[in-house]
Amino acid sequence: MDYKRLGTTGTKVSPLCLGTMTYGTPEWRDWVLDEQASRPFLKEALDAGINFFDTADMYSLGESERVVGKALNDYAPREDFVLATKVYNPVGDGPNDRGLSRKHIMHAIDSSLTRLGMDHVDLYQIHRWDYDTPVEEFMEALHDVVKAGKARYIGASSMYAWQFAKAQHIAESNGWTKFVTMQPMYNLVYREEEREMLPQCRDQGVGVIPWSPLARGVLAGKKQGDTGESTRSRTDANTRKWNLGADIDQPVIDALTTVAEARGVSMAQIALAWVRSNPAVTAPIIGASKERHLEEAIASLDITLTDDEKTTLEAPYQPHAIAGHV
């Protein structure tokens, strides 16, 4: 495993990050695996050399953190893995059970650590931008979380580049902790982050850990909607909301199929290799609910695309409306 620096920090992470929204309880989403079914994936990832794991307090309303934390604590020493979690989305029905107020951040980090069974997380991320809380309030609160030793670094997720720049500027101006990572949606059929966010991150030394590198399975060849092969592909509302796999994406999917068949590998392997080929990217966040998902993701690390292959994959792309920021 060729480990990489997390942005400009000294922390080293695997070139794949295992996302854990799939692990928790099917009571939250019917495609989620329970604890017994989840643990083998976390163990296999560790055994393969993956040391980077991403969860969130809203996944299974906290149960994902409990399942993931227990498994990682059982299978590896704390220093052997890098764990990220997130705050912002609702975790209850109350008005302060969400967002990035100082009140909620301070409560949320303690709740996350209790569920994880740990005294700190390595990366504490804001899951989205909070339009109802002053930037100064949440940036200072996140700084205090780091200074209290409850997080080693902070990161952000899908937002506009101007928002990210504003938050970084306010942190720097006040001597507060700055974001070291950005987690945007980025894949062959959604490349809008190439316009501003990825160049900004590369210029500023911010690590990029893209979510949905396979576009919710669209780039793995999965049919979506009523004819989908899995429960998630049949029921996932976000795939439809973000228009992933729409008609304008079919030429990209066809090109992906062509390159994959010529290589004799899966579409997923080529799609992941393409995301990793962007010099701004540190580690795509992958999901795995079947053993082959993890195997294919790991196998993709051996693929280096040629310039001609990248041209073939990129040429059919059509601009998309901004998606995933809310």
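**A close look at the sheet**

Modeller: Happy to! Let's start at β7, where 5 of the 7 residues are buried, so this strand is largely enclosed by the rest of the structure. Buried here means under 20% relative accessible area, exposed means over 50%, and partly exposed is anything in between, using a 1.4 Å probe and protein chains only. Strands (E, at least two residues) and helices (H or I, at least four) are DSSP runs, numbered from the N terminus.

Please keep in mind that this is a predicted model: local features need pLDDT of at least 70, side-chain atom pairs count only at pLDDT 80 or more, and totals for chains, interfaces and linings use all residues. Residues are numbered from 1 along each chain as its sequence is written, and side-chain values use heavy atoms, with hydrogens and water left out.

β7 belongs to an open sheet of 8 strands with parallel pairing, in the order β9-β8-β7-β6-β5-β4-β3-β10. At the edges stand β9 (207-208) and β10 (285-286), each with a single partner strand, so one side of each has no neighbour in the sheet. Two strands pair if DSSP finds at least two bridges between them. As for what holds such neighbours together, strands of a sheet pair through backbone hydrogen bonds, either parallel or antiparallel.

β6 and β7 pair in the parallel sense over 5 bridges, and Ile126 has Ala156 in β7 as its bridge partner. Further along the sheet, β4 (residues 52-54) and β5 (residues 82-87) are also paired in the parallel sense, over 3 bridges, with Asp54 standing opposite Ala84 in β5.

What lies across this part of the sheet? Helix α4 (residues 135-147) lies across β6 (121-126), β7 (151-157) and β8 (179-183), running at about 150° to β7. That angle is taken between N-to-C directions, from 0 to 180 degrees, with axes fitted as lines to C-alpha atoms, for helices over the stretch in contact. Contact means heavy atoms within 4.5 Å.

Now for the packing. The largest nonpolar core has 84 residues, and Phe53, Tyr124 and Met139 touch the most other members. Such a core is a set of buried Ala, Val, Leu, Ile, Met, Phe, Trp, Tyr and Cys residues joined through side-chain atoms within 4.5 Å. Leaving aside neighbours within four places in sequence, Tyr124 is in contact with residues including Leu142, Val145, Tyr153 and Ile154. A second, separate core of 11 residues includes Val82, Ala84, Leu123 and Ile209.

Thr181 gives a view from strand β8. Thr181 is buried, with a relative accessible area of 0%.

Tyr88, in the loop between β5 and α3 (102-116), has a positive phi of about 150° although it is not a glycine. At 22% relative accessibility, Tyr88 counts as partly exposed. Ser212, in the loop between β9 and α7 (231-235), is not a glycine either, yet has a positive phi of about 55°. Ser212 is buried, with a relative accessible area of 11%.
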